[in-house]
Amino acid sequence: MKGGFIKNLPKVYGLYTGGFAVFIIIMAIAEQAGVSAKNIGVMFVAFTVLIYAFIGYLSRTVQVDAYYVAGRQVPTVFNGMATAADWMSGASFVALAGGVYFGGYTYMAFLVGWTGGYVLVATLMAPYLRKFGCYTVPDFIGTRYGGNLVRACSVFVLFIASFTYVTAQINATGTIASRALGIPFELGVWVGLISILICSMLGGMRAVTWTQVAQYIVLIVAYLVPVFWISSKVGGGIFPHLMLGDEVARLGELEQQFGLVKNSAADMKAAGVPGGLKYISGSHSGVPEGGMAVWKYLSLAICMMVGTASLPHILMRYFTTPSVRAARKSVAWSLFFIFLLYSSAPMLATLSKLALMDPNLPTGIIGKSIAEVQQIQWVQNWSAVKQVFIADFNGDGILQLNEWFMRGDVVVLATPEVAGLPFVISGLVFAGGMAAAMSTADGLVLAISNALSHDIYYKIIDPKADTAKRLLVARVLLVIIGAAGAYIASFRLTSILGSVAWAFDFAMSGLFFPLVLGVWWKRATRAGAIAGIMSGILSGLLYLLWVYPKFSVPIFGGVNTPFLGIDHLRFGLIGAPICLVVMIVVSLMTKEPDAATQKMVDDTRIPTGKAILGKQH
Amino acid sequence: MSNKDAYWAKTKNHMIVTLVIWAFFSLVIFMFGSELNTMSFLGYPLAYYMTAQGSLLAFVIMLFWTANKQEKIDEEHGFSEREED
């Protein structure tokens, strides 16, 4: 029966994709028949969320290995899709193109960082962790180094990194739910949370895996359809990825023509620009001059790459493959599916920017009179919810490039509308954003609650607990973690991207070297690992508090200049090297690991033979 | 035992080669961003192209290549899982 299900996966998801296409067509017909835009948005989000919930219900389980690692039978390509959905968060989906739109070349260090990290995952981590047979990332650290203290330390890092991340994801689900369903944000957060929990509570990793595959299909369709459609509509060519060279060059000309002006903070405050809205001040394709600019680019890319290779919710996806070989291939497939979206974000940003900036296009607004721009329907809609803003600094009544303010999310959410696509596409985009945010939140909430239930409760507090009790604890923790995340998200403490980058820095500070050295350096000892993890995470945290003005002003009484340009997005560059040095020094000072541990490392390094940890543990 | 050591030595070398290529596409080329941007590829400035698409594509291709190569090393030393599953 189960083997049958795995064999039939392509058919099942093929049918599902076909069904989704039919649903889109029905919605398009409904739009023509006069159903309101708002109702189409509601139906898109409600329909997709109900499907995920249904998959979650079908995947319910009472078995420990199905709950923690989906029974280790997820085929390579499907695990790749699930990882891609797990990986691409609400921020990737909604804010990435916006980031490229405003940040241009400099911002695209994120793109390189968030993909290059998978090379580290594939070469240094995934196959070995799969061979080890652990249920969670702290399970590896706890068994390799031996002892409850080191296990608890790694759970601590996992908790800090994943919890910062999950808050941002629940925030994103709330934002999208509130916009699509027309409910207040505070309520949207709880609606989002309930959808997330339905997908993961009954079936743990198994349910999350199969919903993530479904969510990937929705999110990639929702991202690519508008990009290709807009591109052919505004004359960018049918295959934008290969054909936007002229458009990029044209943007360079327009930047020259309009001038890239930096607004002073005082001017923006006086004009009453709402918080979180940005304007274009950097070049789209131009490389900023100077060594510092190069270092800023490289340091950000390094932090994101190393952070990627340390994030537990990603690493644990590779515990679900049937073999070590499958784990390696699965990383490659994951990156392929991620690439489909990431390589499209800059194209969307280019098209969207050109649509607004080029005075020769009917959609262009820069250089037109402000009174005229304010008459445009979509400008009115998005101004009403404070997502776009116009400030006439020089008082000439003409909209200049630096006088147009917009929230980054608007690039993805409003470009279909700006380019004059039917609303059914905007509804699709809402469903995609919801899928992206939900799938990442699911993976994160599960990573945290699994670590707490398996590593803290079962391994440390009550090793005699029976299966039923373990799974009950796991589910209760899942609900508690989700609710805590939603509660914090409902205060809107952080902007989406700031905190997402922090999760990478935390993970790299405390987990990267303990994981890598656990496999690649037999001499690494328990004391070394404990000292490394704690010094890494604490020094990183301390540096963040010192360098981030919102923390440093109340704590240290002032704004500090970042050391070597290492600002709050890059604090992992402080934590990780400290972790490495401390770990090596302390390891060399302590007695080398015993023969049993060395043999364990030897066995981890070869793909064949028994896993270190049994099927049920 | 020596077979295991030889296997690990090869795996290690393979890891280093992979990481060198990785460092080239993720770090080295972006040290020369302004120089690269004077050249063009598909009509895009080269550094822009690499960060928007080129390096990403290189990583994808690399990962398939590296997985296949590692499978060959597995087979050579009799550590291939093929018989098992």
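Tutor: Start with Leu129(A). Leaving aside its neighbours within four places in sequence, Leu129(A) is in contact with Cys134(A), Phe140(A), Leu315(A), Tyr318(A) and Phe319(A). Contact here means that two C-beta atoms, placed from the backbone, lie within 7 Å. This is a predicted model, where local features need pLDDT of at least 70, side-chain atom pairs count only at pLDDT 80 or more, and totals for chains, interfaces and linings use all residues. Residues are numbered from 1 along each chain as its sequence is written, while chains are lettered from A and ligands numbered from 1 in the order in which they are written.

Leu129(A) also belongs to the largest nonpolar core, which has 233 residues. Such a core is a set of buried Ala, Val, Leu, Ile, Met, Phe, Trp, Tyr and Cys residues joined through C-beta atoms within 7 Å. Leu129(A), Leu219(A), Met434(A), Phe59(B) and Leu63(B) touch the most other members. The largest share of this core, 20 residues, comes from helix H22 (residues 423-461) of chain A.

Phe140(A) is among the buried residues of H8(A). Buried means that 20 or more other C-beta atoms lie within 10 Å of the residue's own; exposed means 12 or fewer, and partly exposed is in between. Helix H8 (residues 137-145) of chain A has nine of nine residues buried, so it is largely enclosed by the rest of the structure. Helices are DSSP runs (H or I, at least four residues), strands likewise (E, at least two), numbered from the N terminus. After H8(A) comes Gly146(A), with a positive phi near 80°.

Next, the other chain. In chain A, 42 residues are in contact with 40 residues of chain B. H17(A) gives the largest share of chain A's side, 10 residues. By class, that side has 26 nonpolar, nine polar and seven charged residues. Ala, Val, Leu, Ile, Met, Phe, Trp, Tyr, Cys and Pro count as nonpolar, Asp, Glu, Lys and Arg as charged, and the others, Gly among them, as polar.

Look at one helix pair there. The axes of H15(A) and helix H1 (residues 2-31) of chain B come within 9 Å and cross at roughly 175°. That makes the two helices roughly antiparallel (over 145 degrees). Val294(A), Tyr297(A), Leu298(A), Ala301(A) and Met305(A) in H15(A) meet Ser26(B), Leu27(B), Phe30(B) and Met31(B) in H1(B). This contact has eight nonpolar, one polar and no charged residues.

Notes: Axes are lines fitted to C-alpha atoms, for helices over the stretch in contact, and angles run from 0 to 180 degrees between N-to-C directions. Angles under 35 degrees count as roughly parallel, over 145 as roughly antiparallel, 65 to 115 as roughly perpendicular and the rest as oblique.
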